[in-house]
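Subject: Handing over a structure

Dear colleague,

I am passing the following structure on to you, and below it I have set out what was found.

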Amino acid sequence: MVKFKAIGVSEGLAKAKALVIKEEDLSVVKETVADAEAECKRVLDAVEKAKQQIEVLRDDAEKNIGAAEAEIFDAHLMMLDDPDFVEGMTNIVTDEKVCAEYACFVNCENFQAMFRALDDEYMQARAADIGDISQRVIKNLKGIADNAIDTITEPCIIVANDLTPSDTAKIGGKPVAGFITKIGGRTSHSAIMARSMGIPAIVGAGEKADEIADGDLLLIDGAAGEVVAQPDEQTLADFAERQKADAAHRAMLAQYKDKEGATSDGRRVIIEGNIGTPDDAVRVAELGGEGVGLFRSEFLFMDRTDLPSEEEQFAAYKKACEIMQGKPVIIRTLDIGGDKEVPALALEKEQNPFLGYRAIRICLNQPELFLIQLRALLRAAQYGDLRIMFPMISSVDEVRGAKQVLEQAKDMLTAEGVPFNPNVKVGIMVEIPVAAVCADVLAKEVDFFSIGTNDLIQYSCAVDRINEKISYLYRPLHPGVLRLIAMTAKAANENGIEVGVCGEMAGTAGMAPVLCGLGVTNLSMSASAMLAAKADLAKHSCGECKELADKLLACASASDAERIFTDWRES
Ligand SMILES: C=C(OP(=O)(O)O)C(=O)O
């Protein structure tokens, strides 16, 4: 039996066999070959195999996701059928007498350079496709199996170094009972997506995860971060008992489904869900969410090599509004950068991506991209209470700039006679410390605030939110963080606008009363945390929440605040 603890990021108990995904070594060495003809045949066989794999992926995507998503695979097939692309590889083998892997690598670089040099954004983005298919050919040459996630058919718990957001997106629809990763923290995107899908997840396991072998029976507790591999009889029996108790607790929480979020003395705190795709709204609605407090629209742009059109975006935003049936749906405009990549934009790699060219900075710099999204949002706003939220705001100038582009989008739609809702509420994410400090000024410019605590903690404590080595410094209860939240809430309350929290802090057990005490009016979290947040609030009066918040604000350190919080939870 192997037992260890890591960072539990998505609650729930799961029991299934381990599917260990090994890191792939795709490095290529330039080796000379004697038999160039045989090497060319290796190239052609690997290309043929890649075509067959892509055909299967295309058919699966068409069946499980949609025709539009399947089209990307048609584009890949076309490239693999292009004689120039294939001959590029065989010519390098024949001319330079080098191995197939190296020829494929050089050919990829050549084609990518060619596409990137074209003065056309769409064609530039095709460089990512070239990279994708070349990687597939190299994998086939090296005998590396296709992405293990694509081939899952049996219930399993994935064990991997890391899961990219696109890996995590692929898990939906597969019988994945949970996952364990070696790296990552509570706010890495794989963790966030696990919570919104409601599957148990543990991250930051480091080398301890190496003790798990493929096929081992695993028991995981996604709240406590506990992992047991090859459990003995007693551990299995205890786990079964815990699963029973967990089911009973969930049944108790179900009574809150149709209740409004409020303290015991009736102070309203609106409890909403965070979503990444319109379909996630179904779970939010089913679990009694009072709205969508954060639709991470960037997920529509990720895991693909083209950009979603205005029509595609319009359909997605409209669907979320329709599912929520008139309840508020806050859609955050494109928030890429950091650990969220959009291949179609072919953004340069940066030294400090979380501090770099991202989110509203990109949108203001590339208004043609922003306008498409804003037009889609304005049109979809006819179908519900859609609200627009700008991310990564650091100044009034950015808010005004974004609102100006919004007005431009309205003017365009009016001129074209396209119907839309001109009275959309506009808000901002408060996630950069200067925005919290200047909240009194910003509150006069917008209809609502939503505090993004994931980034606010990262930026105010100068601690990378996905680096597990320094996760001990990532402290939501740091008095400095609490003061920033309190300042933001005060400015919002004084100006009569709503102030939410949509970072992971909102859905962390016990935090709802703290945030209510700090003056927050809305809490948005993964759907699976909403019932517990309502239950937490209902246990306390508004005065008790305020008293607790004041005590925490007065603490000298995060450790003091954490001690007070834990004692309070246990009392
Ligand atoms: C909700 C937030 O945004 P992200 O999607 O970056 O986690 C946040 O920063 O708290």
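What distance separates the centres of domain 1 and domain 3, taken over C-alpha atoms? The centres of these two domains are 27 Å apart. Please keep in mind that this is a predicted model, in which local features need pLDDT of at least 70 and side-chain atom pairs count only at pLDDT 80 or more, while totals for chains, interfaces and linings use all residues. Residues are numbered from 1 along each chain as its sequence is written, and side-chain values use heavy atoms, with hydrogens and water left out.

**Domains**

The chain is divided into domain 1 (2-24 + 149-252), domain 2 (36-142) and domain 3 (267-570), with bounds that come from an automatic or database domain assignment.

**Two helix pairs**

Helices here are DSSP runs (H or I, at least four residues), numbered from the N terminus. Helix α3 (residues 83-96) packs against helix α4 (residues 100-117) at an angle of about 130 degrees, with the axes 9 Å apart; axes are lines fitted to C-alpha atoms over the stretch in contact, and angles run from 0 to 180 degrees between N-to-C directions. That angle makes α3 oblique to α4, since angles under 35 degrees count as roughly parallel, over 145 as roughly antiparallel, 65 to 115 as roughly perpendicular and the rest as oblique. Among the residues of α3 that meet α4 are F85, M89 and I92, and the α4 residues in this contact include Y102, V106 and F111. By class, the contact has 10 nonpolar, 3 polar and 2 charged residues, with Ala, Val, Leu, Ile, Met, Phe, Trp, Tyr, Cys and Pro counted as nonpolar, Asp, Glu, Lys and Arg as charged, and the others, Gly among them, as polar.

Helix α20 (residues 542-553) and helix α21 (residues 558-570) pack at about 155 degrees, with their axes 9 Å apart, which makes α20 roughly antiparallel to α21.

Note on methods: Contact means heavy atoms within 4.5 Å.
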